[in-house]
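Take a look at the structure shown here.

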Amino acid sequence: MGLQAPYVTGYLTEHFADDAYATLDGYKARGGYRAAEKALREMSPDDVVELMKSSGLQGRGGAGFSAGMKWSFMPKDSDKPKYLVCNADESEPGSFKDRILLERGPHQVLDGILIGAWATGSEKTFVYVRGEYAEPAACLQRAIDECYAAGVLGENVLGSGFAHDVIITRGAGAYICGEETGLLESLEGKKGQPRKKPPFPAQYGAFGMPSTVNNVETFSHVPHIVENGADWFRGFGTEKSPGNVIFGVSGHVMRPGLYELPMGTRLDEIVFEHAGGVPDGRKVKGVIPGGVSMPILPAGQLDVRMANEFLRERKTMLGTGGVMVMDETTCMVRTACVITYFFRDESCGQCTQCREGTGWLNKICNRIERGAGTLEDLDVLADVAGKMEGQTICAFADAAAWPVQGLLRHFRGDFEEHVRLGKCPFPESFEL
Amino acid sequence: MVISEDARTAIDAEIRKYPQRRGALLPALHIVQKELGHVAPETARELAEIFEIKPVDVMEVVSFYNMFYAEPQGRHHVHVCTNLPCSLRGARGLMRKIEAHLEIDAGETTKDGRITLGHEECLGACAYAPMMRIDETYHENLDLEEAKRILDELE
Amino acid sequence: MPNITVDGQELEVEKGRTILQALDDAGLLMNGVDVPHYCWHPKLPIDGSCRLCQVEVEGIPKLQIACNTPVQDGMVVHTTTDRVRAAREGVMELLLVNHPLDCPICDQAGECKLQDYAFEYGISASRTREPRRALKKSVDLGPTILFDQERCILCRRCVRFCREIPGTGELGVFNRGDHSVIETFPGTELDNPYSMNVADICPVGALTTKDFRFKIRVWFLEDVPGVCTGCSNGCNVYLGVANNKVYRYVPRRNDQVNDTWLCDAGRMSYKKIGAEDRLRGPLVRCDDGVLREATLENAVAVAAERLRRLVDAKGAGVVAVVASAHATDQDLAMLRRLVDAVGIDTVGVAVIVGEGDALLIKPEKAANAAGARARGFGDLGPVLERLRGGGVEALLCLGHDLLHESLLGGAGPLEGLDSVVVLDTHRSELERVADVVLPARHAAEKHGTLTNHAGLSQHVQPAVEPAFQAWSEGELLARLGAALELDGFDGSFDPLAEGDA
């Protein structure tokens with residue numbers, strides 16, 4: 001079944017309700033590929049990079065790094081072939097926005113890819129789609145085929161003389177392949193084990209060639225910025241975090257779904273106004289703002305504006321904008337069990353802290369949930385999580401540590417109750 | 001030869017897309033898995049030859065990814081997402097009932113070889129929870145009756 | 001050349017080296033500057049996953065792994081700060097969460113880097129209360145190695161070794177996360193000429209050799225520096241000695257000769273030292289034709305008498321001398337003196353030539369063929385011709401490589417000889433034809449030097465004292481020379497004297 005369009009749309013998704021938008025004709029009818037043509041014919045690669053920089057577009061894959069800066073890292077004079085990589089490995093629990101962008105806006109993504117290719121001098125783009133996204137990959141492939149047939153891809157993109165190819169490569173079920181260099185390893189046919197950095201992808205990327213990896217949504221913003229300019233883009237969102245972002249809301253809400261809103265929208269507005277609040281008259285207990293890697297916020301802190309500069313003050317981050325709402329019946333220890341299991345399952349296993357730490361955290365949470373925990377365990381949890389931070393090849397270990405720290409920070413009481421009672425104090429909580 | 005001519009042709013087409021041969025290994029594994037159901041040692045040996053790597057390198061890759069299997073599987077893979085957003089909306093309770101309905105535990109295959117049941121991590125359907133993935137298709141906004149109906153129709 | 005400072009000490013380092021390499025180059029690593037590590041190895045590609053070697057680098061907020069941080073001029077490194085200490089404690093504690101408490105039954109105890117670093121850098125009490133993961137304990141990985149998956153700390157040195165050094169790549173890391181295990185491809189084994197090196201480089205007792213299993217605790221062993229005598233590469237080894245017995249060879253690092261490696265055949269050649277078929281005393285052929293035990297004085301006297309009688313009657317031309325490529329330079333120098341003093345021309349060295357490889361293994365299957373050739377014992381061809389052709393009536397033979405199918409092919413051609421005097425370490429078919437047999441010492445039982453294929457002379461020293469009667473070839477030949485009343489031979493032999501090679 002195809003995805004519905006977001007409940008609230010914006011420049012990214014306003015045409016998503018129209019099935020034709022996913023076709024070349026439909027996309028072009030709405031002004032599609034004008035941006036790519038403009039970039040190819042009227043702007044130099046440097047112009048495009050500068051435009052991206054001044055727009056302030058942050059990557060939308062979770063790390064929030066400046067897209068323009070990333071593009072500027074690609075070597076200008078290089079006899080090596082350069083590659084773009086579109087990260088469509090969306091696997092962060094709570095995230096499902098790239099999926100709709102691929103299914104209902106594939107040409108928008110390709111439009112952005114072409115502009116990025118021109119800006120970085122890349123001859124080929126590998127779109128790495130997670131293996132389970134068979135339907136989104138098929139939609140994108142149809143769009144790619146249309147483009148080749150119409151000369152929008154290939155030897156002579158839009159008659160400009162620039163050549164560019166796009167191929168889709170499917171993942172095979174491993175969250176760590178969403179990490180930039182884990183993705184590159186997987187692309188090369190190996191286990192998706194992240195690489196030591198330096199070197200960074202711009203020096204040594206896909207198949208050893210200079211590469212840039214960007215998220216699906218990041219590419220999707222690009223044609224709009226080229227079409228309308230940096231100032232226009234900065235008219236949305238906040239000063240430090242301009243533009244729109246697609247929030248995915250799930251969990252205990254009336255209207256779980258996608259919402260394209262400006263960066264900096266308040267979290268309570270998203271949860272209560274847009275997503276309709278918690279069903280059955282229940283109250284919110286906590287909300288994870290940006291995918292399971294990001295520390296949870298308690299009910300009293302939902303006034304925060306959803307942009308990194310504000311979320312950091314609350315010791316959390318935007319991540320991929322996956323908003324998960326938990327109501328008052330929710331046991332936070334069970335939540336910890338689910339989350340720590342996920343990280344334990346998905347660790348690539350290279351670094352000691354990550355491999356052993358994710359396992360240990362999960363085992364302790366399970367034991368506390370069963371009622372066999374002690375107060376000491378809470379200190380051990382916090383300490384182990386602290387020992388996992390900042391010491392590994394990639395940020396996975398940090399991402400595994402943060403949620404535990406967040407849950408302990410705001411919901412230590414749930415853990416203590418488990419210890420005191422010797423069982424879960426929330427009989428109505430979701431089943432584990 | 002375990003890998004068919006058709007599969008080899010498809011693999012060759014994939015190899016041409018990548019600057020290095022090995023880039024086509026994951027696509028090749030998908031192709032081979034679709035045809036044969038799992039990657040047995042003999043299959044791994046043939047792939048190793050095609051990609052000019054060692055059989056152990058192929059098995060490393062097979063063992064790393066959720067979607068590749070070294071052991072024989074049921075005809076259909078039924079995966080229920082039990083990550084956080086889905087669990088919040090009852091996915092684990094649904095899984096238990098599916099286990100009871102199929103008379104197997106997650107991780108096992110039905111005696112008639114029809115279905116291998118498993119847990120899965122987030123599939124990007126968080127707003128349509130609970131849900132399951134059967135082979136290449138998502139079945140979202142499930143309730144138990146719907147789930148049973150879909151499962152019973154599988155051959 | 002960049003200058004860096006480590007713990008206040010200035011170092012001039014080679015450009016392009018990492019911090020860990022720079023410390024290793026300077027001989028400071030774990031020898032003045034402690035940077036404990038597991039996955040890094042001086043002779044293997046960088047891994048960077050154990051995270052133990054983290055150090056503080058001024059100007060960089062996060063700790064950096066010393067194994068993968070290239071030195072920059074002016075870099076200031078600290079290895080003893082609280083942050084570094086805490087990081088090491090963290091790694092050690094996490095590694096011990098799943099590691100089984102096998103020390104009492106584990107061969108690695110006493111030379112285990114997990115024990116050592118846990119003691120030095122870890123915390124004293126474990127906080128884990130979780131059951132450890134249960135994996136396979138005694139995997140028969142191949143002809144030489146046993147593997148305990150539970151003990152493995154996934155440093156992946158063994159995987160990298162097999163891929164890089166012998167190039168056979170039998171091992172892989174399967175699965176991911178804390179389900180990672182090291183395996184071979186189903187139905188295949190770890191089987192290459194260098195397989196036992198994985199037991200050396202494994203920091204823990206996950207990979208152990210079948211040969212050494214449960215034999216002796218390593219703290220009883222004295223590690224005596226020596227040289228392997230299996231081929232002409234002259235790989236440096238430590239002989240593991242206890243109770244006047246050699247229990248094993250392990251490689252000794254020498255970046256000019258063998259890096260940190262040793263081939264399996266060479267490693268197992270220690271068994272020759274204590275073998276059952278060692279010659280245990282002098283033997284003399286009596287009048288009734290039986291070879292019997294004799295005193296050294298007696299045996300030497302008989303040998304001298306037979307040789308003198310023949311040389312007096314027919315001249316030195318009827319005597320042939322075959323040198324051993326297993327003897328030391330000093331032994332061979334004495335042989336040269338003897339040969340010159342008697343005036344024997346028909347001389348050569350017996351060397352068995354087999355397969356070699358591009359790594360360590362050399363075709364000449366003896367340690368000192370070069371030493372023999374340097375002292376005028378060359379190609380055996382002319383000696384073999386004369387032995388077969390009948391022009392030789394007496395043979396002084398060191399070792400029994402002469403009998404090899406590629407050389408004389410057996411003792412047959414020696415049956416008709418008037419006198420055969422043998423100096424050897426082990427029994428052989430030569431006993432059938434010998435008139436006198438004198439027991440010699442192995443390179444592990446004497447002082448001396450051996451010259452390898454590249455002309456490098458390396459010292460050996462006595463690691464064990466034979467429990468039976470045996471003398472170095474040099475000493476036996478010195479006595480023989482004295483018994484022959486040759487000029488300059490007073491019966492003494494000092495391998496340590498200068499100029500005696």
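The model is predicted.

## Nonpolar core

The largest nonpolar core has 343 residues. Val287(A), Val322(C) and Ala323(C) have the most contacts inside it. Helix H16 of chain A, residues 396-421, supplies the largest share of this core, with 10 residues.

Val287(A) has contacts well along the sequence. Leaving aside neighbours within four places, its partners include Leu267(A), Val271(A), Ile296(A), Leu297(A) and Leu302(A). Val323(A), Met324(A), Val325(A) and Met326(A) also touch Val287(A).

## Leu117 of chain B

Leu117(B) sits in strand E2 of chain B, which covers residues 115-120. Is Leu117(B) buried or exposed? Leu117(B) is buried, because 24 other C-beta atoms lie within 10 Å, and the cut-off for buried is 20 or more.

Beyond residues up to four places away in sequence, Leu117(B) touches Val78(B), Ile98(B), Glu99(B), Leu102(B), Ile104(B), Ala106(B) and Glu108(B). Ile98(B) is 19 residues from Leu117(B) in sequence. Their C-alpha atoms are 8.9 Å apart.

## Contact between chains A and B

Chain A gives 47 residues to the contact, and chain B gives 37. On the chain A side, these elements give two or more residues: strands E3 (165-170), E5 (244-251) and E9 (322-327), and helices H8 (180-187) and H13 (332-346). H13(A) gives the most, with six residues.

By class, the side of chain A that touches chain B has 21 nonpolar, 16 polar and 10 charged residues.

Methods. Residues numbered from 1 in each chain as written. Chains lettered and ligands numbered in written order. Predicted model: local features only at pLDDT ≥ 70, side-chain atom pairs only at ≥ 80, totals over all residues. Core = buried A, V, L, I, M, F, W, Y, C linked by C-beta atoms within 7 Å. Buried ≥ 20, exposed ≤ 12 C-beta atoms within 10 Å, placed from the backbone. Helix = DSSP H or I, 4+ residues; strand = E, 2+ residues; numbered from the N terminus. Contact = placed C-beta atoms within 7 Å. Nonpolar A, V, L, I, M, F, W, Y, C, P; charged D, E, K, R; others polar.
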